[in-house]
Amino acid sequence: MTAIELVNVSKVFLGEQQREVRAVDHVDLAIQTGEFFSLLGSSGCGKTTILRMIAGFELPTEGEVLLNGEPMGDRPPFHRPINTVFQNYALFPHLTVAQNVAFGLEMEGVSKAELHARVLELLALVQLKGFEKRRPHQLSGGQQQRVALARALVKKPQVLLFDEPLGALDLKLRKEMQLELKHMQQQLGITFIYVTHDQEEALTMSDRLAVLSAGQVQQVGTPSEIYEQPNCRFVADFIGESNFLVGQVIEQEAAGIIVLVDGELPIAIPGYTDLPIGKVVTLVIRPEKITAHRQTPTDEAGLLGKIQEIVYLGMNTRLIVQLTAQSQLIVRQQNVKRIISPMFEVGEQIRLRINPDNFQVLLEGTLRTSVQKTSKLRR
Amino acid sequence: MTLLNWFSQRLKTNQQRQTFALSLLLFPGTFWLLLFFVVPLLIVVLYSFLERGTYGGVDWQFTLEHYARLLNPIYWGVLGRSLLLAANTTLLCLLVGYPMAFFIASRPARWRNTLLLLVIIPFWTNFLVRIYAWIVILRQEGVINTFLESLHLVGEPLDLLFNSTAVTLGLIYGYLPFMILPLYATLERFDFSLLDAAHDLGANDLKTLIRIVLPLTARGIVAGSLLVFIPAVGEFVTPDLLGGAKSIMMGNLVHSQFLAARNWPFGSALSILMMAIVLAPILIYFRIAEQKLNA
């Protein structure tokens with residue numbers, strides 16, 4: 001079932017000098033009930049605005065937000081069964097922890113006895129038993145965050161929204177809270193919508209995520225779909241590290257196509273037989289899916305390249321390899337054995353092996369016709 | 001300078017030097033307050049216990065007659081009216097000033113200073129001139145009456161001037177900025193994301209105001225109310241110009257005792273009474289604030 005649906009939603013703000021700023025641009029999204037869904041993007045991409053429109057703090061300029069299939073229209077936040085954990089927690093400083101958690105229930109007119117029981121139950125859930133009488137300023141960041149969570153959860157919302165809730169915490173606490181939130185979501189079965197700019201956070205926690213840029217949804221999918229099959233250069237570049245090779249289809253065979261990269265290097269790709277000859281494509285390959293091998297006279301498999309740079313990073317070694325006159329490849333070599341002396345040297349010719357199934361083919365890109373032209377542009 | 005150096009070198013510890021520097025810095029202010037505030041106040045207290053002199057001044061003879069005279073219900077009537085007018089003024093200033101302060105504080109930062117300036121600008125004109133402007137507006141052939149008559153809404157001019165309403169209007173006008181500025185100072189520090197949080201948890205606008213905004217800005221409300229109430233109780237210019245014989249306030253009474261009746265001791269006794277009554281709400285406020293802090 002669909003918990004939240006956005007149909008062609010746009011939000012236009014009036015900026016400086018009455019200039020219109022389109023923060024959210026014709027967004028369609030369907031978020032399933034019980035799902036952990038993340039909105040991922042850099043600052044200013046419109047992710048928080050989308051969240052605020054779901055909560056009801058902002059109303060869409062165009063389009064419609066639906067909850068369980070019901071249009072929300074201009075219904076105010078206090079009439080939506082949706083709650084939010086805010087970025088700076090927004091705890092009420094003049095109320096104690098228990099009063100903060102009780103606030104939402106008081107607004108519902110819940111009886112004193114039930115209210116007390118529910119507050120204690122929720123504080124136990126977020127492991128803050130015994131903190132009832134404290135004030136927010138007497139708590140650490142992590143504890144404040146738990147109060148904010150309890151305060152929202154006590155309302156038994158159908159959908160719980162998170163606006164970068166872990167942003168202010170240090171790395172270790174953050175990792176702990178990520179796991180805890182994920183477990184809590186699985187236990188409670190509530191739909192979580194989580195806004196973050198941290199791709200690792202989004203990949204770790206989400207069932208599905210949407211990658212946003214310039215107010216538009218670039219791609220929606222599971223973490224592995226987003227990482228392994230990015231649908232555009234932006235997503236491939238934004239999530240993790242990617243190599244891009246731009247080329248032209250020069251041959252069609254029964255099993256696949258051959259792409260000529262930078263006018264000099266042919267690469268065989270299985271499938272995509274419907275692509276016409278002459279079509280310009282971009283091949284995306286993740287650095288960890290390339291293996292580097294020392295050249296031997298007998299072994300001629302793989303692409304030949306010259307090492308430009310070697311950086312030892314502990315868990316792996318990062319190589320930058322010149323593949324063609326115009327293209328370099330980043331290679332991440334897992335250090336499966338202890339490396340006492342370097343495996344390769346800068347300037348060495350090596351062979352790079354790539355399983356052709358690991359290429360993601362994007363139907364976009366512009367050919368760089370000549371070396372002179374690009375080098376001129378760089379200067 | 002050399003004397004100072006010599007002296008500070010004789011102080012052994014840092015602590016001693018700091019104390020010395022602090023007392024040096026505090027000396028001018030302390031001296032000023034002692035000479036021009038505490039001493040005159042003591043003189044007023046002293047005079048209130050002395051016989052009146054024939055042509056003003058005092059005769060050096062102890063008496064309690066002035067305090068006995070304060071028991072006369074006439075003065076309690078004036079005092080009551082002063083308190084009522086000041087309370088009305090404070091309440092109305094709060095009702096007008098709070099939304100204004102809220103509005104200014106919730107504007108983008110670049111607008112706030114301009115809006116605050118608009119609140120303060122009337123201060124640049126002499127107070128008397130501004131009160132006279134109200135006479136021009138309110139009198140029988142004034143702006144309002146002329147306007148109403150030209151529309152044939154009233155047959156004969158309304159009596160808008162020389163009554164308690166006119167005095168209250170003048171007081172509100174004069175003291176509104178004293179309400180707005182402290183309110184603004186607290187509201188400016190107010191975290192407006194708390195409004196979202198309250199709405200999110202099911203509170204409508206009214207409940208958000210009562211449960212979140214008012215408690216968190218209580219300090220500003222109290223500060224603004226004291227700043228309006230205290231001077232309004234002792235006001236004498238506004239009631240003198242805008243009020244009639246029936247809207248005389250404590251300030252007018254003190255004023256007339258010193259200047260017209262030449263009864264300095266009684267004027268002093270009236271002042272002491274007024275001070276005691278104004279002091280009461282402040283003491284209560286500090287007591288409550290202290291309890292809140294300790295809680």
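**Confidence of the model**

pLDDT is the predictor's confidence in each residue, on a scale from 0 to 100. In this predicted model, chain B has a mean pLDDT of 88, and 96% of its residues reach 70 or more. Among the elements of chain B, the lowest mean pLDDT, 69, belongs to helix H1 (residues 2–10), and the highest, 95, to H9(B). Where pLDDT is low, the predicted coordinates should not be read in detail.

For the model, the ipTM score is 0.83 and the pTM score is 0.81.

**Extent of the interface**

Contact between the chains involves 19 residues of chain B and 22 residues of chain A. Together, chain B and chain A bury about 1900 Å², and 63% of this area lies on carbon and sulfur atoms. Of the area that chain B buries against chain A, 39% is supplied by Asp200(B), Leu201(B) and Arg211(B), more than by any other three residues.

**Polar and charged pairs**

Two salt bridges are counted between chain B and chain A. In a salt bridge between Asp196(B) and Arg52(A), the closest N and O atoms are 2.9 Å apart. Seven residue pairs, with both residues at pLDDT 80 or more, are in polar contact across the interface of chain B and chain A.

**The contacting side of chain B**

Helix H9 (193–200) and helix H10 (205–216) of chain B each provide at least two residues of the side that touches chain A. H9(B) gives the largest share of that side, seven residues. By class, the side of chain B that touches chain A comprises eight nonpolar, four polar and seven charged residues.

Notes: Residues are numbered from 1 along each chain as its sequence is written. Chains are lettered from A and ligands numbered from 1 in the order in which they are written. This is a predicted model: local features need pLDDT of at least 70, side-chain atom pairs count only at pLDDT 80 or more; totals for chains, interfaces and linings use all residues. Side-chain values use heavy atoms; hydrogens and water are left out. Contact means heavy atoms within 4.5 Å. Buried area is the accessible area (1.4 Å probe) that two parts lose on being put together, summed over both. A salt bridge is a side-chain nitrogen of Lys or Arg within 4 Å of a carboxyl oxygen of Asp or Glu. A polar contact is a pair of N or O atoms within 3.5 Å; within protein, one must be able to donate a hydrogen and the other to accept it, and residues adjacent in sequence count only if both atoms are side-chain atoms. Helices (H or I, at least four residues) and strands (E, at least two) are DSSP runs, numbered from the N terminus. Ala, Val, Leu, Ile, Met, Phe, Trp, Tyr, Cys and Pro count as nonpolar, Asp, Glu, Lys and Arg as charged, and the others, Gly among them, as polar.
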